[in-house]
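Visitor: I am new to this structure and would like a close look at one part of it. Could you take me through the salt bridges?

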Amino acid sequence: CTIVAGLIRYWPWNSSAKQVMFLNELEELMELCRGDSVDPVLPALFGLIARCIASEHFQVAERALMLWSCESLGHGLLSKTRAPMSLPLLFSPLMQASTRHWNESVLAAAESVLQRSKEQSPQVYESCLRTHNERKNALANERACANAKWVEFEKAAASTGSTEVSGSGPS
């Protein structure tokens, strides 16, 4: 499916209306691709879908999530057999969309996709959930360390500043 690769390469990131149209075309193309012919572009394709799910524009995110409602994609590209490849790439954007997106329909659709993934491939889902939580905890620890260093810096700057204001510091 070299057409799919071209579609991914020329994705219109600056236009949400065009992204929705491209997602429509992508769905039609993916319905035509059969078997292993699409395998070379799968990592790029799943990365693209993940970015669309993570979009703040509700139509883009909603349209990307609607790919799971297409019967032929649900049994092909987004099936249980491809879950070990697709779910690790899509899991974090799906979790974010299911908990933090501002649009209610995107929240519901993302939750539905996650639930479907959990039912189809419970082991892959649990592995992705564990990895997601580990990354989230690591990020929280990094932020806490950065905040602690910043507080130390502010204290040091305040003590240096108070010395200079009193005139006892070097001139």
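Guide: Happy to! A salt bridge here is a side-chain nitrogen of Lys or Arg within 4 Å of a carboxyl oxygen of Asp or Glu. By this rule the protein chain has two salt bridges.

Please keep in mind that this is a predicted model, where local features need pLDDT of at least 70 and side-chain atom pairs count only at pLDDT 80 or more, while totals for chains, interfaces and linings use all residues. Residues are numbered from 1 along each chain as its sequence is written, and side-chain values use heavy atoms, with hydrogens and water left out.

Helices are DSSP runs (H or I, at least four residues), numbered from the N terminus. Both Glu27 and Arg63 are buried, where buried means under 20% relative accessible area, exposed over 50%, and partly exposed in between (1.4 Å probe, protein chains only).

The other bridge joins Asp39 to Arg82, with the closest N and O atoms 3.0 Å apart. Asp39 lies in the loop between α2 and α3 (42-53) and Arg82 in the loop between α5 (71-75) and α6 (83-100), so the pair ties together parts 43 residues apart in sequence. Asp39 is partly exposed, at a relative accessible area of 30%, whereas Arg82 counts as buried at 16% relative accessibility.

Technical notes. Helices (H or I, at least four residues) and strands (E, at least two) are DSSP runs, numbered from the N terminus.
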